[in-house]
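Have a look at the sequence and the fold below. We'll go through a few spots one at a time, starting with a side-chain pair and then moving on to helices.

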Amino acid sequence: MKIAVLSRNPNLYSTKRLLEAGQQRGHDVSVIDTMHCYMDVTSARPSVRYKGKALPRFDAVIPRIGASVTFYGTSVVRQFEMMGTYSINESVAISRSRDKLRSLQLLSRKGIGMPRTGFANHPDKIDDLIKNVGGAPVVIKLLEGTQGIGVVLADTAKAAESIIEAFMGLKASILVQEYIEEAGGADIRCLVVGGKVIAAMKRQGAPGEFRSNLHRGGSASLVRLSPAERKTAVDAAKTMGLNMAGVDILRSKNGPMVMEVNSSPGLEGIEKATGKDVAGMIIDFIAKTATPNKTKTKGKG
């Protein structure tokens with residue numbers, strides 16, 4: 001197969017591993033910088049151009065699109081879809097998962113467990129917003145934040161009010177969430193591919209840190225999932241419409257709770273923690289399922 005990995009940096013671990021895994025299996029794999037693609041959108045024959053010429057036809061693309069370039073990145077994926085190229089994650093599903101509020105609304109509608117969450121533009125009573133999610137301590141998140149950036153734990157109602165007022169003064173969109181104390185600063189990252197959890201790891205925050213992100217000094221270890229956790233991860237990925245997803249789950253007294261569904265999950269931490277060839281399993285899934293024009297939305301939406 002001819003496969004394109006859409007990535008801005010060919011030296012990133014995840015990009016290199018997908019390239020290696022594809023080549024080891026005999027596929028023709030190329031790394032294409034998403035932001036250097038440009039598109040002919042008016043022609044009856046849609047194309048993606050790169051470095052002065054039209055890209056050849058690819059059987060499949062693997063989008064590795066950072067949150068900061070979601071709009072343009074999904075536009076490029078949509079153009080490939082219009083050309084009939086199979087994308088492991090469709091443009092509409094990526095956009096859906098990147099909108100944290102929309103993601104939570106969709107998960108809620110499907111009855112998938114998650115922390116109580118409030119969202120407001122400019123509430124008249126901030127104290128009621130805090131009270132409605134169970135009171136302090138609460139977690140306050142920027143909608144656009146990634147890798148733990150823009151996530152604050154407010155221990156008291158007064159601290160929460162001050163933080164919310166500060167963010168609103170900057171005209172930032174925020175979520176206010178219940179703090180799951182029993183999680184102990186740890187979460188579980190489940191890697192879902194093709195409706196199955198193919199790997200999972202526990203991420204533990206550094207001492208004194210409630211955020212478990214590996215980028216913030218957290219550690220990763222192998223974990224055994226319960227049937228409920230496995231089902232929650234699969235259901236969350238399915239709700240987002242993602243064939244490949246990193247689903248972050250908290251262990252709470254009320255069962256597994258989804259924190260986030262990531263459409264471009266990193267592979268380094270989970271491969272090292274589990275010893276599994278996750279990149280190879282992703283390539284194998286594509287080889288088994290990719291057919292021309294299989295994209296459900298065909299670039300629409």
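Which polar contact joins the side chains of Arg 203 and Asp 248, and at what distance?

## Arg 203 and its partner

Keep in mind that this is a predicted model. In it, the side chains of Arg 203 and Asp 248 are linked by a polar contact of 3.2 Å. Arg 203 sits in strand 13, which covers residues 196–204.

Is Arg 203 buried or exposed? Its relative accessibility is 8%, and since the cut-off for buried is under 20%, Arg 203 counts as buried.

## Ser 97 in helix 3

Next up is Ser 97, which you'll find in helix 3 (residues 91–98). Ser 97 is buried too, because its relative accessible area is 8%, and buried means under 20%. The Ser 97 side chain reaches the backbone oxygen of Ile 94 at 2.9 Å.

Now for what surrounds Ser 97 from elsewhere in the chain. Setting aside neighbours within four places in sequence, Ser 97 is in contact with Ser 103, Met 240, Leu 242, Val 261 and Ser 263. Then there's Gly 241: 144 residues separate it from Ser 97 in sequence, yet the two C-alpha atoms are 8.8 Å apart in space.

## Helix 2 against helix 3

Helix 3 also packs with helix 2 (residues 70–82), at an angle of about 160° and with the axes 8 Å apart. Angles over 145 degrees count as roughly antiparallel, so that's the label for helix 2 and helix 3. The crossing here is left-handed.

Who meets whom? On the helix 2 side you have Thr 70, Thr 74, Val 77, Arg 78 and Glu 81, and on the helix 3 side Ser 91, Ile 94, Ser 95 and Arg 98. Sorted by class, that contact has two nonpolar, four polar and three charged residues.

## Helix 1 against helix 9

The other pair to check is helix 1 (residues 13–24) with helix 9 (residues 278–289), whose axes come within 8 Å and cross at roughly 60°. Helix 1 and helix 9 are therefore oblique to each other, and their crossing is right-handed.

From helix 1, Arg 17, Leu 18, Ala 21 and Gly 22 meet Ala 279, Gly 280, Ile 282 and Ile 283 of helix 9. By class, this contact between helix 1 and helix 9 has five nonpolar, two polar and one charged residues.

Terms used. Residues are numbered from 1 along each chain as its sequence is written. This is a predicted model: local features need pLDDT of at least 70, side-chain atom pairs count only at pLDDT 80 or more; totals for chains, interfaces and linings use all residues. Side-chain values use heavy atoms; hydrogens and water are left out. Helices (H or I, at least four residues) and strands (E, at least two) are DSSP runs, numbered from the N terminus. Buried means under 20% relative accessible area, exposed over 50%, partly exposed in between (1.4 Å probe, protein chains only). Contact means heavy atoms within 4.5 Å. A polar contact is a pair of N or O atoms within 3.5 Å; within protein, one must be able to donate a hydrogen and the other to accept it, and residues adjacent in sequence count only if both atoms are side-chain atoms. Axes are lines fitted to C-alpha atoms, for helices over the stretch in contact, and angles run from 0 to 180 degrees between N-to-C directions. Angles under 35 degrees count as roughly parallel, over 145 as roughly antiparallel, 65 to 115 as roughly perpendicular and the rest as oblique. A crossing is left-handed if the near helix is turned anticlockwise from the far one by less than a right angle, and right-handed if clockwise. Ala, Val, Leu, Ile, Met, Phe, Trp, Tyr, Cys and Pro count as nonpolar, Asp, Glu, Lys and Arg as charged, and the others, Gly among them, as polar.
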